[in-house]
Amino acid sequence: MASKRLRAFASAADEELKVDMSPMIDMAFLLIIFFIMNANLIVVKMDKKVEVPVAPNSIKQETKNGRIVMNIYEDGVFATEDGRETSAFAEDDDKAIADYLRKGLNRQNELGYKPVLHIRADRGVKFAKARELMKIAASVGLKQMYFASYVTDK
Amino acid sequence: MARRSRAEALEDDTPELDISSLIDVCFLLLIYFLVTTTIKKKEQDLPLTLPGNQSASVAKIDTLFIIVEDDGSVSTKSGSDVTPMDDPSDSHELPNLEQHIQIYVGAAVTSGSEPVVQIQVESETETQRAVDVLNLLRKHKVKGITFTDTEPPK
C-alpha cells in the first residue's frame, strides 16, 4: 500500500548515520607532511625589530655553534640576542660591549667552537655603527664575522 | 540458530585494527605544528674575516680601493684618481663596480696573487649599501677585505 519510496525510507530510518572520516584523515596527514617538509629550525634568534639587509650571494646558516649575536637597531642601539628591552647597551659604552664579546669569545673557546660575531644590523642604520662594533670585536680578538642578511627583499 | 552462530563465528574471525589512537596522535602533531609555526623570512650569512697580521709576502697586485659615499654612490680610487662607478639607487645591483671587480680579480688571478680590497664607507652611509658591496665581493670570491676609516694614501 505504501509507496516503494516510503517503505525504503521507513526501513532505512532505523539505520545508524555514519560519517566517513577517511578523507579528513588523509587531509590531516597531508597537512602534517607539508609542515614537516617546510619547517626549518631557526639557527639564531631573530629580533623582528631589526630588518637585516638584502644580500643575494649570502650563504645558508649552518650552525649556531660559536655565534655571538649582536643586534644593531635602526637608531644605533646595540643589544644582545635577547632584545633591546632586556639587554641594550648604553650609548658609547664600548667597554660593556667589549666585556660581553670577550665573555662570549671565552665561552665559545671553552666549548671548543670557533667564535664568530654574528651581526644583525638594521639595513637603515649608519654603517659607522657596524664599523664601531667590528673595531671593538677586533680589539678583543674576534676576527671572524657574519652579517645577517636576507636573500631577497620579498 | 545454527546459521546465526556460524555467521557470528565468521565475523569473529575477521581481524580488526583500531587506528583511532594513531589518528589522535596525528591530530596532536598537526596542532603542535599549527601552533608553533611562524612564517618568517629566512636569514643567511655574509661572512667577513678581518685581516690578521701582515703576511711577509708582498702582494703582486695593487689593492682595489672602494669608496661608498653617504648618499650611496660608489667609486673606486687608484692613486689620486677617483672613478665614479654606480649612482645611488634602490636596486642592490652595482653593475659598473661589478665589472671593475671582475677585471681586478682576473688580473689578480693572472698574476698569481690574492685580490685585496679596501673599503672606505662614509659615516652616514646606510648599512644596506655597504652590504651591497660586500655581497658583490662575495659573489666574486674575494676574501681579502679590509675597512678603512682614513683617507687612502695618495
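1. B:Glu43 and A:Arg120 are both buried. In this predicted model, their side chains meet in a salt bridge, 2.6 Å from N to O. The pair crosses between chains: B:Glu43 sits in strand 1 of chain B, and A:Arg120 sits in strand 4 (residues 116–121) of chain A. Both residues count as buried because each falls under 20% relative accessible area. Side chains of opposite charge can pair when their charged atoms come close.

2. How many salt bridges does the rule find across the interface of chain B and chain A? It finds two. The link between B:Glu43 and A:Arg120 runs from chain to chain. Over all chains, the structure holds 13 salt bridges.

3. The interface itself. On the chain B side, 39 residues are in contact with 50 residues of chain A. The two chains bury about 4300 Å² between them, and 62% of that is on carbon and sulfur atoms. B:Glu43, B:Gln44 and B:Asp45 deserve a look: they supply 19% of the area that chain B buries against chain A, more than any other three residues.

4. Polar contacts and contributing elements. Between chain B and chain A, 18 residue pairs are in polar contact, both residues being at pLDDT 80 or more. Four elements of chain B each supply at least two residues of the side that touches chain A: helix 2 (20–36), strand 1 (43–49), helix 4 (127–139) and strand 6 (144–148). Helix 4 of chain B gives the most, with nine residues. By class, this side of chain B has 17 nonpolar, 11 polar and 11 charged residues.

5. Strand pairing at the chain boundary. Strand 5 (residues 144–150) of chain A and strand 1 of chain B run antiparallel, joined by seven bridges. Here A:Met145 stands opposite B:Leu48. Strand 5 of chain A also pairs within its own chain: three bridges join it to strand 4 of chain A, and these two run parallel. In that pairing, A:Leu117 stands opposite A:Met145. A:Met145 therefore faces a residue in each of the two pairings, where a pair of strands needs at least two bridges.

6. Salt bridges inside chain A. A:Glu81 pairs with A:Lys64, the closest N and O atoms being 3.4 Å apart. The two lie in distant parts of the chain, 17 residues apart. A:Glu81 is in the loop between strand 3 (78–80) and helix 3 (84–87), and A:Lys64 is in the loop between strand 1 (59–60) and strand 2 (67–72). Buried or exposed? Partly exposed in each case, with 22% relative accessible area for A:Glu81 and 39% for A:Lys64.

7. Another pair in chain A. A:Arg84 forms a salt bridge with A:Asp75, with the closest N and O atoms 2.9 Å apart. A:Arg84 is partly exposed at 28% relative accessibility. A:Asp75, at 51%, counts as exposed, because the cut-off for exposed is over 50%.

8. A network to check. A:Glu51, A:Arg123 and A:Asp153 are linked by salt bridges.

How values were computed. Residues are numbered from 1 along each chain as its sequence is written. Chains are lettered from A and ligands numbered from 1 in the order in which they are written. This is a predicted model: local features need pLDDT of at least 70, side-chain atom pairs count only at pLDDT 80 or more; totals for chains, interfaces and linings use all residues. Side-chain values use heavy atoms; hydrogens and water are left out. Contact means heavy atoms within 4.5 Å. Buried area is the accessible area (1.4 Å probe) that two parts lose on being put together, summed over both. A salt bridge is a side-chain nitrogen of Lys or Arg within 4 Å of a carboxyl oxygen of Asp or Glu. A polar contact is a pair of N or O atoms within 3.5 Å; within protein, one must be able to donate a hydrogen and the other to accept it, and residues adjacent in sequence count only if both atoms are side-chain atoms. Ala, Val, Leu, Ile, Met, Phe, Trp, Tyr, Cys and Pro count as nonpolar, Asp, Glu, Lys and Arg as charged, and the others, Gly among them, as polar. Buried means under 20% relative accessible area, exposed over 50%, partly exposed in between (1.4 Å probe, protein chains only).
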